[in-house]
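Here is a short walk through a predicted model.

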Amino acid sequence: MTQIEDDSREMRLDPDSFAQGYFKNAVYRHWDPYDIPGLDEDREKMIANGMTEDEYYELCTSISRFGAGEEAVTEDLMPLALVLDDINDQMFISSQIYEEAKHTQFFDRYWREVLNPVGEKLGFETYAPTAQHFFNDEYITLFDKTEAAMERLLVEDTVETRVKAYCHYHLTVESVLAQTGYYGFQSAFSDHGGDDVAFRDWPNLTGLVEGIGKIRSDEGRHVGFGMHKVRGYIQRGEVEEAIVQETLQELLPYVAGTVSDFGDAVNPGPLVTYASDKLTRRIEILTNENAEIPPVEELVKIGGGEADTVGD
Ligand SMILES: [Fe+2]
Ligand SMILES: [Fe+2]
């Protein structure tokens, strides 16, 4: 008779593990990207407000970068799922891959149901969401490096390659870049966020902001998972703090480059400051023994953009 490989545990799952708690939170907070309300209103508002062609292009640029970013992270997470050996971790990562796919879906839907019809109605040139001119060199390099760090796990699975994977994916792309970008969106298109971010007086786009709020909430949980993992390796003395610091610092210029050229619509100064402050706080919480990662219920809180409380 064939034997089950691991019969060492009475029950299969550990409800007290942080990964199982995170998985439970993901199930509890499930949302449907096909059902985010307000997209029709966003479309009608843009048309009624007589959006200019420059404004349209700037909005397409922002959405294209986030849509492509979500698509890239959806594709790049699988190597981590293959190397994680604990069932609780695997359950959490499977929820994360599913959520990245939902984020990709939301941006695709926004392009189809809002941006394309608005462009057509106002007589503007319309674009494919992956048109090369939306992406600058820093953006492309950052995502290429992240893909390489994730794929490295398939040929060399060590503590160091795992830590570098988390530093690229969870701590830089999901944490610093995505949270900064989503903060920019909320500042520009809602009454929340910073007043010094958007140069233009954009209408409140409630469908966009609602979808981004859900996404930010998920990202709070994803970043928390990466923080727990990296902090654990540091605290157990399995990896040098310096490797974490160097990897994160090295990637910051690519984040800054990505959020710095949204045309005349966005003031890059506050966004670059926001990104580097966030990075500093991440490093503090990873390396300071007394600092604590807030419970997952805190990490996913939304409302005015508080979903980024990890390390704040
Ligand atoms: Fe995402
Ligand atoms: Fe994520």
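At what angle do the axes of α7 and helix α10 cross? The answer is roughly 145°, and the two axes come within 10 Å. Helix α10 covers residues 268-287. The crossing of α7 and α10 is right-handed. On the α7 side, the contact is made by Leu-171, Ser-175, Val-176, Gln-179, Thr-180, Tyr-183 and Gly-184. On the α10 side, look for Leu-271, Tyr-274, Ala-275, Lys-278, Leu-279 and Arg-282. By class, this contact has 7 nonpolar, 4 polar and 2 charged residues.

Now turn to the core. The largest nonpolar core has 73 residues. Tyr-110, Val-230 and Val-255 have the most contacts inside it. Helix α7, residues 159-189, gives the most to this core, with 15 residues. Take Val-230 next. Leaving aside neighbours within four places in sequence, Val-230 is in contact with Val-163, Tyr-166, Cys-167, Leu-171, Val-244 and Leu-286.

Helix α3 spans residues 53-76 and helix α5 spans residues 87-121. Their axes come within 8 Å and cross at roughly 155°. Angles over 145 degrees count as roughly antiparallel, so α3 and α5 are roughly antiparallel to each other. Their crossing is left-handed. From α3, the residues that meet α5 include Tyr-56, Cys-60, Ile-63 and Phe-66. From α5, those that meet α3 include Phe-107, Tyr-110, Trp-111 and Leu-115. By class, the contact of α3 with α5 has 12 nonpolar, 5 polar and 4 charged residues.

Notes. Residues are numbered from 1 along each chain as its sequence is written. Chains are lettered from A and ligands numbered from 1 in the order in which they are written. This is a predicted model: local features need pLDDT of at least 70, side-chain atom pairs count only at pLDDT 80 or more; totals for chains, interfaces and linings use all residues. A nonpolar core is a set of buried Ala, Val, Leu, Ile, Met, Phe, Trp, Tyr and Cys residues joined through C-beta atoms within 7 Å. A residue is buried if 20 or more other C-beta atoms lie within 10 Å of its own, exposed if 12 or fewer, and partly exposed in between; C-beta atoms are placed from the backbone. Helices (H or I, at least four residues) and strands (E, at least two) are DSSP runs, numbered from the N terminus. Two residues are in contact if their C-beta atoms, placed from the backbone, lie within 7 Å. Axes are lines fitted to C-alpha atoms, for helices over the stretch in contact, and angles run from 0 to 180 degrees between N-to-C directions. A crossing is left-handed if the near helix is turned anticlockwise from the far one by less than a right angle, and right-handed if clockwise. Ala, Val, Leu, Ile, Met, Phe, Trp, Tyr, Cys and Pro count as nonpolar, Asp, Glu, Lys and Arg as charged, and the others, Gly among them, as polar. Angles under 35 degrees count as roughly parallel, over 145 as roughly antiparallel, 65 to 115 as roughly perpendicular and the rest as oblique.
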